[in-house]
Amino acid sequence: MWEKRQVGQTKLRVTALGLGTATMGGSRIPITQEQGQAIVTAAWDAGVRYVDTAPFYGVGAAEHRVGDALRGKPRDEWVLSTKVGRLLRPKTDTVPSADGRLSPMPFDVVYDYGYDGIMRSVEDSYQRLGLARIDILYVHDIGVYQHGPELNARYLKQLRDSGYKALRQLRDSGAVSAIGIGVNEKAVLIEALGFGDWDAFLLAGRYTLLEQAPLDDLIPMCQSRGTSLVIGGPLNSGILAGRETWNYDTAPGEIVDRVRKIEAVCKAHGVPLPAAALQFPLAHPVVAAVIPGPRDAAEFEANLPLFTMKIPPGLWSDLRSEGLLHPNAPVPD
């Protein structure tokens, strides 16, 4: 059902619609084991064959749920990505997380972007997943957005001088088929292209119907290097789906105003805003997949018709003429 696209210059091919599992980990809203597995099952039944997860999502819960749902399905039919950069350590106190996240499992995170930390993280993920192979390995949440300038400089040096060696070794040995970075900002990806050979970047929230700044720098660099983009957060944390959140927080006034203008154009053409938002990123040839992260199986199924809805060309031209779309942004046929 879903077109399959190549990841970088590897032999991997992912369905253009993938499944993100940050929400189903249960850190933001309570999600049970059964509900989490039901999301993966709904995606599978709809033909989705690319699933992305991470140790951080639900401090281990998402990897458990993904593994339980995929285990036993033909291994050559699906592609799995997970992440490194955080190790999970037993949480022995009852102090709530400083960022308000729920802890479905009793662990704290420790950042480690070095060689030993990455190798340990992969071994731990095998155990949580209960699976013997990971296809794509992303370095998770490195960058100024996550760590601030001073601390990130230290972490980036650790990755450049030590951790990248582990990633290359894992890829060269065939333990993983592709390596990349998964973040919410473009600056660190541009910097990483200066010291590494990356197959794919998972970029959340920065190349969407609302934001297209990567067209000015990151995307041309990715095209010249043969690096694919996987787009996380295509609904910008909910603001493009009628909610009030952008970048995992309450949306500021200027973002709300811009979304209202985009929505008005969509309404004029009889198109739901989320349909335009979900289809837009896939028009760019550098984009291998979009991976929305539904809250439950019903939300996933409700989104499916939005991906195939016919969108009149006039919608895109009107957005462009009103300055709501980058002049160089490709749009769906």
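**Exercise 1. Charges over rings**

Task: In this predicted model, find which charged residue lies over the face of W44 and at what distance from the ring centre. Then find what sits over the ring of F56.

Solution:
- R49 lies over the face of W44, and the distance to the ring centre is 3.5 Å.
- Over the ring of F56 sits the charged end of R86, 3.7 Å from the centre of that ring.

**Exercise 2. Helix α1**

Task: Determine what span helix α1 (residues 33–45) should have and why its end C-alpha atoms agree with it. Then state which residues of α1 are buried and what they pack against.

Solution:
- Helix α1 has 13 residues. The expected span is 1.5 Å times one less than the number of residues.
- For α1 this gives 18 Å, and the end C-alpha atoms are 18 Å apart, which agrees.
- G36, I39, V40, A42, A43 and W44 are the buried residues of α1. W44, one of these buried residues, carries the ring under R49.
- The packing partners of these buried residues are β3 (19–20), α2 (61–70) and α10 (297–308).
- Just after α1, G47 has a positive phi of about 95 degrees.

**Exercise 3. Packing of α2 on α3**

Task: Classify how α2 packs with helix α3 (residues 115–129), and list which residues meet.

Solution:
- The angle between α2 and α3 is about 55 degrees, and their axes are 7 Å apart.
- Angles under 35 degrees count as roughly parallel, and 65 to 115 as roughly perpendicular. The value for α2 and α3 therefore makes the two helices oblique.
- On the α2 side, E63, H64, V66, G67 and D68 make the contact; on the α3 side, S125, R128 and L129 do.

**Exercise 4. Aromatic pairs**

Task: State how many aromatic pairs the whole structure holds. Classify the pair W198 and F201 and the pair F280 and W316.

Solution:
- The search of the whole structure gives 10 aromatic pairs.
- W198 and F201 have ring centres 6.3 Å apart and planes at 45 degrees, so this pair is tilted. Stacked would need planes under 30 degrees apart, and edge-to-face over 60.
- W198 and F201 are both buried. Together with Y164 and F195 they form one aromatic cluster.
- For F280 and W316 the centres are 6.2 Å apart and the planes at 35 degrees, so this pair too is tilted.
- F280 is in the loop between α9 (273–279) and β14 (287–291), and W316 is in helix α11 (residues 313–321). The two residues are 36 residues apart, and the pair links distant parts of the chain.
- Both F280 and W316 are buried.

Methods
Residues are numbered from 1 along each chain as its sequence is written. This is a predicted model: local features need pLDDT of at least 70, side-chain atom pairs count only at pLDDT 80 or more; totals for chains, interfaces and linings use all residues. Side-chain values use heavy atoms; hydrogens and water are left out. Rings of Phe, Tyr and Trp (its six-membered ring) pair if their centres lie within 6.5 Å; planes under 30 degrees apart count as stacked, over 60 as edge-to-face and the rest as tilted. Buried means under 20% relative accessible area, exposed over 50%, partly exposed in between (1.4 Å probe, protein chains only). Helices (H or I, at least four residues) and strands (E, at least two) are DSSP runs, numbered from the N terminus. A charge sits over a ring if NZ of Lys or CZ of Arg is within 6 Å of the ring centre and within 35 degrees of the ring normal. Contact means heavy atoms within 4.5 Å. Axes are lines fitted to C-alpha atoms, for helices over the stretch in contact, and angles run from 0 to 180 degrees between N-to-C directions. Angles under 35 degrees count as roughly parallel, over 145 as roughly antiparallel, 65 to 115 as roughly perpendicular and the rest as oblique.
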